[in-house]
Amino acid sequence: MAYALVTGASTGIGRDLAKLCAGAGYDVIAVARNRAQLENLASEIGNAHPRQVRIVMKDLSRPEGAAELYEELADLRSEVEMLINNAGVGMLGFFAELDTGKQMEMLRLNVDALTYLTRLFVPAMVARHKGYVLNVASTAAFQPGPLMAVYYASKAYVVSFSSALHNELKPHRVVVTTLCPGPTQTDFQRRAQMEATRLFRGTTMSSTIVARIGFEAMMRGKPLVVAGRLNALMAFLTRFAPRQMAASIARRMQEV
Ligand SMILES: NC(=O)c1ccc[n+]([C@@H]2O[C@H](COP(=O)([O-])OP(=O)(O)OC[C@H]3O[C@@H](n4cnc5c(N)ncnc54)[C@H](OP(=O)(O)O)[C@@H]3O)[C@@H](O)[C@H]2O)c1
C-alpha cells in the first residue's frame with residue numbers, strides 16, 4: 001500500500017491535493033488541526049474512491065509537532081511514498097509590530113516543520129528508489145515582501161531548499177517539486193488578514209486548479225511550477241528588477 005501524507009489537508013489547496021492523491025490511487029494521511037474538516041474530507045474521499053484515509057490532528061507550529069506526527073505514524077510511515085508539505089500561514093503587518101510569538105510559530109510551520117518532515121520521510125523513499133515530495137511555496141518567494149517580511153522570506157527558503165533537494169534526490173528517483181501559487185481563493189487571506197489588500201482584490205485562482213497544476217508537475221518530475229501564466233510571467237520578470245524596486249512593488253500590493 002502506498003500512502004500520500006498531506007499537511008494542511010483540512011481546507012484550501014491541501015484539501016484539493018489530498019483528493020487528487022486519492023484519485024491517483026494513493027491512500028491518504030490527512031494532517032491539520034481541525035478535526036471536523038478532516039473528517040469531512042475523509043468521508044468525501046471515501047465516497048469517491050476506494051481508499052483508506054487516516055486523519056491526524058496536529059499543530060505543526062509547535063516545536064514537537066513534526067516529530068510527534070512521525071511517531072504517531074509508526075505503523076505506516078515506511079509506506080509514505082508521497083509527502084506534500086502544504087500547511088502554511090501568512091501574517092500582514094509591520095515586522096516590528098506583529099506579535100513575536102506568532103511570527104516564530106509561522107516560521108516553525110512554514111520552514112521548520114516542512115524541513116523536518118522532509119528529513120524524516122525522504123530516507124525511506126531513497127531506499128525504495130521511488131518517492132515524491134511536493135513543497136508548497138508561493139510567488140512571494142521571488143522578491144522581498146514588506147508588510148509580510150517573514151512570510152515572503154519563509155517561502156524563499158522553501159524554493160531554495162526544495163530546488164537543492166530536487167538536484168540531490170534526482171539520481172535516487174525521488175522527485176522534489178516546488179509549487180508556487182499566486183493569490184488563490186482559500187482561507188489563507190482571511191487568516192492572514194489580507195482580504196482588503198490590492199493583491200487579493202485583483203485576480204485570484206481557484207484552489208482546485210492550483211492543486212492540479214502542482215500535482216501534475218510533481219507527477220511529471222518537474223523541479224518547480226508557478227501556478228497560472230500571469231503569475232509565471234510576473235515571477236520571471238521579477239528576476240530582472242532591482243531588489244528594492246521589487247520590494248516597493250510588493251509593498252504596494254500588500255497595502256489596502
Ligand atoms: N491562498 C493563497 O493565496 C496562497 C498563495 C501562495 C501560497 N499559498 C500557500 O499555500 C499553502 C496552503 O494554503 P491555502 O491557501 O490552502 O490556505 P488555507 O485554506 O488557510 O489552508 C491552510 C492549511 O494549513 C493548515 N494549518 C494552518 N496552521 C497549521 C498548524 N499550525 N498546524 C497544522 N496545520 C496548519 C490549515 O488547517 P487547520 O487550520 O485545520 O490546522 C489548513 O489546512 C500555504 O503554504 C500557503 O502559504 C497560498
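## Ground rules

A polar contact here is a pair of N or O atoms within 3.5 Å; within protein, one must be able to donate a hydrogen and the other to accept it, and residues adjacent in sequence count only if both atoms are side-chain atoms. This is a predicted model, where local features need pLDDT of at least 70 and side-chain atom pairs count only at pLDDT 80 or more, while totals for chains, interfaces and linings use all residues. Residues are numbered from 1 along each chain as its sequence is written, and side-chain values use heavy atoms, with hydrogens and water left out.

Start with K58: one of its backbone N or O atoms sits 3.5 Å from a ligand nitrogen. N34 also uses a backbone N or O atom, 2.9 Å from a ligand oxygen. With T11 it's a side-chain N or O atom, 2.8 Å from an oxygen of the ligand.

On its own the ligand exposes 880 Å², and the protein buries 97% of that (Shrake-Rupley areas, 1.4 Å probe).

## The shell

The ligand has 33 residues around it, with R33, N86, Y151, T186 and R191 the closest (near means a heavy atom within 4 Å). By class that's 14 nonpolar, 13 polar and six charged.

K58 is in the loop between β3 (53–57) and α3 (65–72). It counts as buried because its relative accessibility is 9% (the cut-off is under 20%, with a 1.4 Å probe and protein chains only). Leaving out residues up to four places away in sequence, K58 touches V31, A32, R33, G65, E68, L69 and E72 (heavy atoms within 4.5 Å).

Terms used: Nonpolar A, V, L, I, M, F, W, Y, C, P; charged D, E, K, R; others polar. Helix = DSSP H or I, 4+ residues; strand = E, 2+ residues; numbered from the N terminus. Buried < 20%, exposed > 50% of the residue type's maximum accessible area, 1.4 Å probe, protein only.
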